[in-house]
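Subject: Structure handover

Hello,

Here is the structure we talked about handing over. Please open it alongside this message, and my notes follow below.

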Amino acid sequence: MVKNILYYGGCWPTNIGNSFIDIGAQKALELAYPHAQIHFASEFPVWFFKQEKLRSNTFSIADLIDIDMIVVSGMVCCDEFIDTEGATLLKAAARGIKILLHGCGQLNYTTEETSRFKGFLQKLKPISFISRDSVTHKNLSSACESSFDGIDCAFFLPNAFNQAQFSLKDYVALNFDASPEPNLNLGNNIIRTHHKCIGNLPQSWFKGHNKFISDIPDDYLNIYANCKEIHSDRVHACIAGLSFGNSVKLYSDTPRAYLFEKVGCSGVQKELVKMDLAYLDSLKSNQIEHLKELF
């Protein structure tokens with residue numbers, strides 16, 4: 001039985017969508033392992049110091065904490081993760097700590113990225129590799145003794161988050177960070193969100209009415225849970241909307257959109273789509289059962 005789990009995530013200031021993954025992932029772990037103590041440490045310190053080329057100067061909680069297992073989730077199957085956090089996980093594995101990749105996906109899905117991450121997995125030897133899309137699972141599962149074709153952990157948000165009710169009704173949420181906002185002719189009942197709160201933010205993010213930037217996920221989740229539809233170039237703004245039963249459209253050609261195919265929303269890049277919540281519940285239940293079977 002696993003008793004102490006470290007969930008290793010964070011990096012919220014650079015993209016609040018990371019928090020959606022973390023909240024859902026920790027809830028899934030609670031459902032699978034109700035008697036375990038789940039701790040949370042951020043990858044941000046190592047990433048932040050690495051940006052300044054001073055990675056060796058940062059103190060790492062993950063290197064010292066007394067735990068049985070480390071869990072990582074999200075877009076970790078890529079070169080940047082290996083270069084930034086790979087050493088931390090390999091050192092933990094060498095100490096006898098179990099490593100679980102839960103709800104993980106690739107960035108570019110290239111042959112080179114796939115080959116390098118397979119090599120990393122073969123060194124890491126995780127107790128299981130749970131993908132968040134079927135393409136990632138096909139590309140990487142052969143490098144692990146145990147694997148599961150899963151879903152993104154942010155789909156567990158409704159299990160973890162109790163939304164507040166807004167007095168504002170029938171509004172639309174627009175979230176465009178990587179591209180200009182398209183002319184959608186949706187009226188004036190709009191809230192415009194941005195998912196980053198540090199760095200050199202564009203001045204356009206601060207101009208106009210009903211603009212929103214925050215440092216905590218609850219604010220965004222309340223906006224996305226109460227709106228009637230979401231239009232966004234951010235994958236996890238769309239996941240949040242879908243998981244709460246709202247209509248969403250993704251304005252991006254990113255291959256990370258493979259994760260929507262697994263939950264029956266493959267048309268999300270072409271039109272507004274809604275989630276079959278009963279089907280989603282069945283996928284979440286299957287994922288929890290796989291987690292339980294590991295111990």
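Start with β1 and β2: they run parallel and are joined by 6 bridges. Y8 has A41, in β2, as its bridge partner. Please keep in mind that this is a predicted model.

**The six-stranded sheet**

β1 and β2 belong to an open sheet of 6 strands. The order is β2-β1-β3-β4-β5-β6, and the pairing is parallel. β2 (37-42) and β6 (147-148) are the edge strands, so defined because each pairs on one side only.

Helix α4 covers residues 111-124 and packs on this sheet. The helix touches β3, β4 (98-106) and β5 (128-131). Its direction makes about 165° with that of β4.

Look next at β3 and β4. They pair in the parallel sense over 6 bridges. G74 stands opposite C104, which is in β4. Is β4 enclosed or open to the outside? Of its 9 residues, 8 are buried, so β4 is largely enclosed by the rest of the structure. Buried here means under 20% relative accessible area.

**The five-stranded sheet**

Another open sheet has 5 strands, in the order β9-β8-β7-β10-β11. Its pairing is parallel. The edge strands are β9 (211-212) and β11 (247-250), and each of them pairs on one side only.

β8 and β9 pair in the parallel sense over 2 bridges. T193 has F212, in β9, as its bridge partner. Helix α7, residues 217-226, packs on the sheet. It touches β7, β8, β9 and β10 (229-232). The direction of α7 makes about 145° with that of β8.

A further helix, α8, lies across β7, β10 and β11. α8 runs at about 165° to β11.

G241 is found in helix α8. Is G241 buried or exposed? Its relative accessible area is 0%, so G241 is buried, the cut-off being under 20%. Which residues does G241 contact, leaving aside its neighbours within four places in sequence? They are Y224, I230, N246 and V248. For a sense of distance, take S147: G241 and S147 are 94 residues apart in sequence and 28 Å apart in space, C-alpha to C-alpha.

**The pockets**

The largest pocket has a volume of about 780 Å³. Its lining has 31 residues. T14, N15, N18, M75 and E80 lie nearest the centre. Which elements give two or more residues to this lining? They are β1 (4-9), α1 (17-32), β3 (69-77), α3 (79-94) and α8 (235-243). By class, the lining has 11 nonpolar, 12 polar and 8 charged residues.

The second largest pocket has a volume of about 150 Å³. Its lining consists of L174, N175, F176, S179, E181, R192, T193, H194, S204, W205 and K211. β7 (172-175) and β8 (190-193) are the elements that give two or more residues to it. By class, that lining has 3 nonpolar, 5 polar and 3 charged residues. T193 is in this lining, and T193 is also the residue paired with F212.

Best wishes

Terms used. Residues are numbered from 1 along each chain as its sequence is written. This is a predicted model: local features need pLDDT of at least 70, side-chain atom pairs count only at pLDDT 80 or more; totals for chains, interfaces and linings use all residues. Side-chain values use heavy atoms; hydrogens and water are left out. On a 1 Å grid over the protein atoms alone, a cavity is a set of points where a 1.4 Å probe fits but cannot get out, and a pocket is an open set with protein on both sides within 12 Å along at least five of seven lines; lining residues have an atom within 4 Å of a point. Grid points are joined across faces, edges and corners, and a volume is the space filled by probe spheres set on the points. Helices (H or I, at least four residues) and strands (E, at least two) are DSSP runs, numbered from the N terminus. Ala, Val, Leu, Ile, Met, Phe, Trp, Tyr, Cys and Pro count as nonpolar, Asp, Glu, Lys and Arg as charged, and the others, Gly among them, as polar. Contact means heavy atoms within 4.5 Å. Axes are lines fitted to C-alpha atoms, for helices over the stretch in contact, and angles run from 0 to 180 degrees between N-to-C directions. Buried means under 20% relative accessible area, exposed over 50%, partly exposed in between (1.4 Å probe, protein chains only).
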